[in-house]
Amino acid sequence: MELFPMKACAIESRRRGQQLVGPIDLTLEGQGATVVIGPNGAGKTTFLQLLHGTARLSAGRIDWACSTEEARHHQAFVFQRPVMLRRTVLENLSYPLRLRGVSKAKAEERARDWASRVGLAQLVTRAATVLSGGEQQKLALARALICDPKLLFLDEPCAALDGRAMREIETILQEAKAAGTRLILSTHDLGQARRLADDVLFLLGGRLHEAAPAEAFFNGPETPQARAFLRGDIVE
Amino acid sequence: MVDIWSGITQAFWLVLTLDAELFEIAGRSLYVTLTALAIACLISLPLAALIAVKRFRARRLVIAVLNALMGLPPVVVGLIVYVILSRSGPLGVLGVLFTPAAMIIAQVIIIVPLITSIAHQSIRDLWQEYHDLLISLNVTQSQKIRTLLWDSRRALLTAALAGFGRGIGEVGAIMIVGGNIDHATRVLTTAIALETGKGEFALALALGFVLIGLAVAVNLAIHWLGQTEREGRW
């Protein structure tokens, strides 16, 4: 079953008459990592939610290579502030599997495996909410990856994390990408964008100002707004 | 002061001598209230979760009515249940008036709004916390409700305990629908009212202390079983 290519046609998000995002036209192919960059308030989070289907489109449509229901089934989302279920680490990890009808024993076995892969093996019986910020984000990432999604959205996954935690998260993301998971993540950390991106979407004021392969974008952005953003100027 | 001291000593004496009548009345009190609590929880908890997650036109009105019903006067509830269950009432054919079943029905009506209201607030807060994750995981409505009920179970225990507290101490409604019949519908609260009316203050106080002891014991037992207040757990 294939999700890609995904075609977004004139997608828009409006709230109380205010244009938040769009109209945006975009086609995404099925490999690599797309990094959505832009300053705060550019509409990155809303844009990811529109693609994922958790925010309602005010206009436009998104076409997947399969049905929308199937596409949703093969996606996962990691939030900027990880949402921890009031359960143990192991129960948090096995939760998506249990929702899909996997037996408790198998779900827990898989959860333990993922806990080891993300360095949380010693913490499986701990309450998830008492973990540190970095540990919680690793847990959220593992919980998103445990069902082998074909597409993973990440909304500023390393915001407010220190360098070490960020490196650990990025390592997991690189492994997921190598295993065939398509990544779409937003960030305003240009260093992270350079490390992870295969292609870049530059958003400003809810509009897509530039979409380009990462190398081309970072070496020679086409729009003056993107050039200013890369220089570190304040763009609005 | 003498009455209070006498009440305390008499309460100890009744418990120590395993007074048969006391144990019968206390047992009936527990039976009526715990049964009413179980039925009320079966109604209230899913209802509270549904109101928390489902958006419908009259939602605010339903919440406002539930909150208002928390202060439902028990005597009025007793009177309405009495009319409904009396021989000439619509459910008179059941013949449950002046039985523990009628007392359970009255208590369920009194504690359902209380438990639903408290549970709704806890579940609504948790729903706000979980909203994005559960929507992202594409959960069904029933999975959503089960998750919220399970993860807020300790807060729901508090709601249930509030319901138990209201039920075990209730006197007006169960006096009307139960009739305070000896060896049939007499419970601790109606026995206290009876003894007070007879001027037997020491015995009434003794029964009161037993009632307080019972309520505290049940609360502690439920807290212990629910493993609340343990570090790193919910």
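Here is a quick briefing on chains A and B of this structure, topic by topic.

Keep in mind that this is a predicted model. Chain A has 9 helices and 9 strands, and 14 residues of chain B are in contact with 15 residues of chain A. There's also a nonpolar core of 69 residues, the largest one here.

**How confident is the model in chain A?**

- Chain A comes out with a mean pLDDT of 89, and 100% of its residues reach 70 or more.
- Within chain A, helix α3 (residues 89-99) has the highest confidence, at 95, while helix α9 (residues 224-231) has the lowest, at a mean of 83.

**Chain A overall**

- Chain A holds 9 helices and 9 strands.
- The radius of gyration of chain A is 18 Å, close to the 18 Å that the globule rule gives for 236 residues, so chain A is as compact as a globular protein of that length.
- Laid along its principal axes, the C-alpha trace of chain A spans about 55 × 40 × 35 Å.
- Out of the 236 residues in chain A, 44% count as buried.
- Take the contacts in chain A between residues at least 6 apart in sequence: 67% of them join residues at least 24 apart.

**The nonpolar cores**

- In the largest core, with its 69 residues, the ones with the most contacts inside it are Val35(A), Val36(A), Ala115(A), Leu141(A), Ala142(A) and Leu152(A).
- Helix α5 (residues 133-145) of chain A gives this core its largest share, 6 residues.
- Apart from that core lies another, made of 61 residues, including Ala11(B), Ile118(B), Leu126(B) and Ile192(B).
- If you skip its neighbours within four places in sequence, Val36(A) is in contact with Lys44(A), Phe47(A), Leu48(A), Ile184(A), Leu185(A), Ser186(A), Leu201(A) and Leu203(A).

**Where chain B touches chain A**

- On the chain B side, 14 residues are in contact with 15 residues of chain A.
- Two helices of chain B, α5 (100-136) and α6 (141-151), each supply at least two residues of the side that touches chain A.
- The largest share of that side, 6 residues, comes from α5(B).
- Sorted by class, the side of chain B that touches chain A has 6 nonpolar, 4 polar and 4 charged residues.

**The annotated stretch of chain B**

- UniProt, in an unreviewed entry, lists residues 26-222 of chain B as "domain: ABC transmembrane type-1".
- Over residues 26-222, chain B is 78% helix and 0% strand, and the end C-alpha atoms of this stretch are 18 Å apart.

Methods
Residues numbered from 1 in each chain as written. Chains lettered and ligands numbered in written order. Predicted model: local features only at pLDDT ≥ 70, side-chain atom pairs only at ≥ 80, totals over all residues. Core = buried A, V, L, I, M, F, W, Y, C linked by C-beta atoms within 7 Å. Buried ≥ 20, exposed ≤ 12 C-beta atoms within 10 Å, placed from the backbone. Helix = DSSP H or I, 4+ residues; strand = E, 2+ residues; numbered from the N terminus. Contact = placed C-beta atoms within 7 Å. Rg over C-alpha atoms; globule rule 2.2 N^0.38 Å. UniProt positions renumbered as here; feature names shortened; annotations may be inferred. pLDDT = per-residue confidence, 0-100. Nonpolar A, V, L, I, M, F, W, Y, C, P; charged D, E, K, R; others polar.
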